[in-house]
Amino acid sequence: MSTKFQGSKNYVATQDLMLAVNAAATLQRPLLVKGEPGTGKTMLAEEVAQALSMPLLQWHIKSTTKAQQGLYEYDAVSRLRDSQLGGAENGEKVKDIRNYIVQGVLWQAFTSDEPVALLIDEIDKADIEFPNDLLREIDRMEFYCYETRELIRAKHRPLVFITSNNEKELPDAFLRRCFFHYIKFPEADTMRQIVGVHFPTLKSELLTAAMKTFYDVRNLPGLKKKPSTSELLDWLKLLVAEDIPLSALQSQDNKVAVPPLVGALLKNEQDVSLFEKLVFMNQRNR
């Protein structure tokens with residue numbers, strides 16, 4: 001790749017993240033990105049592709065996804081239906097099996113006339129064998145289509161991004177073939193930069209008060225789901241839209257208070273209940 005990724009105006013990338021993207025490109029290995037949900041793993045692939053002017057192909061993995069779907073699928077049902085319908089046009093179509101091969105994202109990435117970025121999103125959602133089933137194709141940059149008896153070989157090696165939320169351990173053989181980066185939760189300075197991209201006109205006092213509340217909530221021991229960057233951005237969007245005054249975010253005597261619109265930050269009843277108990281205990285201790 002001739003140009004290096006240096007962040008973008010829409011995405012605040014730390015120095016070590018930029019190094020990781022460029023190292024993966026240099027080594028021609030997939031970049032495996034881990035980090036808690038909402039830290040911008042998926043968005044990274046989108047922004048790198050845009051910054052480097054590469055088309056982006058996305059493959060969002062579900063629990064039912066099979067590795068074969070990334071290569072191709074043979075639609076035997078449609079072929080059978082067309083053969084039963086008869087007619088000269090259908091007869092000609094049925095003769096050529098290529099008309100019933102549905103190309104997956106890897107096939108599309110391999111046969112693209114220009115280098116592409118390929119996102120394999122949330123790989124840990126799939127079956128434990130899924131990463132191993134992809135190893136050979138991603139390693140060799142080729143696979144065989146048995147139905148058409150052709151070898152599909154990559155014209156250009158795609159820049160591969162693989163994200164994981166750590167729901168399952170990934171196999172060692174798979175990990176060996178990737179360059180790994182863990183996106184740490186942003187510290188306050190980085191978070192201010194991220195917020196600045198989304199809310200350039202936000203008043204400094206409101207941001208300071210909102211950030212304090214956010215990190216107070218996030219650092220609460222025992223939370224089932226800590227609020228992430230995306231939740232902070234949602235919350236700020238609501239604070240601005242509802243024109244919440246600064247005073248509503250500033251608690252008296254530095255005591256903890258339930259912030260307005262807390263449902264944007266805490267996403268289950270146990271966490272809300274835990275937070276309310278803490279507020280109640282603080283108020284009693286006044």
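In the predicted model, 44% of the 286 residues of the protein chain count as buried. The solvent-facing surface of the protein chain comes to about 16000 Å², of which 49% is supplied by carbon and sulfur atoms. The charged side chains comprise 36 positive and 38 negative groups, and the centres of these two sets are separated by 3 Å.

With regard to overall dimensions, the protein chain has a radius of gyration of 24 Å, whereas a compact globule of 286 residues would have a value near 19 Å. Taken along the principal axes, the box filled by the C-alpha atoms is roughly 85 × 45 × 35 Å. The secondary structure consists of 12 helices and 9 strands. Among the contacts between residues at least 6 apart in sequence, 74% join residues that are at least 24 apart.

The largest nonpolar core contains 32 residues, and those with the most contacts inside this core are Phe110, Ile120, Phe130, Leu134 and Ile162. Two or more residues each are given to this core by strand 2 (56-60), helix 3 (67-71), helix 6 (105-111), strand 5 (117-121), helix 7 (130-140), strand 6 (142-145) and strand 8 (159-164). Helix 6 makes the greatest contribution, giving 5 residues to the core. The surroundings of Leu134 illustrate how residues from separate parts of the sequence are in contact: when its neighbours within four places in sequence are set aside, Leu134 is in contact with Trp59, Ala67, Leu106 and Ile120.

Most residues other than glycine have a negative phi. Met141, by contrast, has a positive phi, near 60°, although this residue is not glycine. Met141 is placed in the loop between helix 7 and strand 6, and its relative accessible area is 7%, which is under the 20% limit, so Met141 counts as buried.

A positive phi is also found at Arg149, where the value is about 55° and the residue is again not a glycine. Arg149 belongs to the loop between strand 6 and strand 7 (150-153). The relative accessibility of Arg149 is 69%, and because this value is over the 50% limit, Arg149 is classed as exposed.

Key:
Residues are numbered from 1 along each chain as its sequence is written. This is a predicted model: local features need pLDDT of at least 70, side-chain atom pairs count only at pLDDT 80 or more; totals for chains, interfaces and linings use all residues. Side-chain values use heavy atoms; hydrogens and water are left out. A nonpolar core is a set of buried Ala, Val, Leu, Ile, Met, Phe, Trp, Tyr and Cys residues joined through side-chain atoms within 4.5 Å. Buried means under 20% relative accessible area, exposed over 50%, partly exposed in between (1.4 Å probe, protein chains only). Helices (H or I, at least four residues) and strands (E, at least two) are DSSP runs, numbered from the N terminus. Contact means heavy atoms within 4.5 Å. The radius of gyration is taken over C-alpha atoms; the globule rule is 2.2 Å times the number of residues to the power 0.38. Accessible areas come from the Shrake-Rupley method with a 1.4 Å probe; for residues, only the protein chains shown count as cover. Lys and Arg count as positive and Asp and Glu as negative; His and the chain ends are not counted. The place of a charge is taken as NZ of Lys, CZ of Arg, CG of Asp or CD of Glu.
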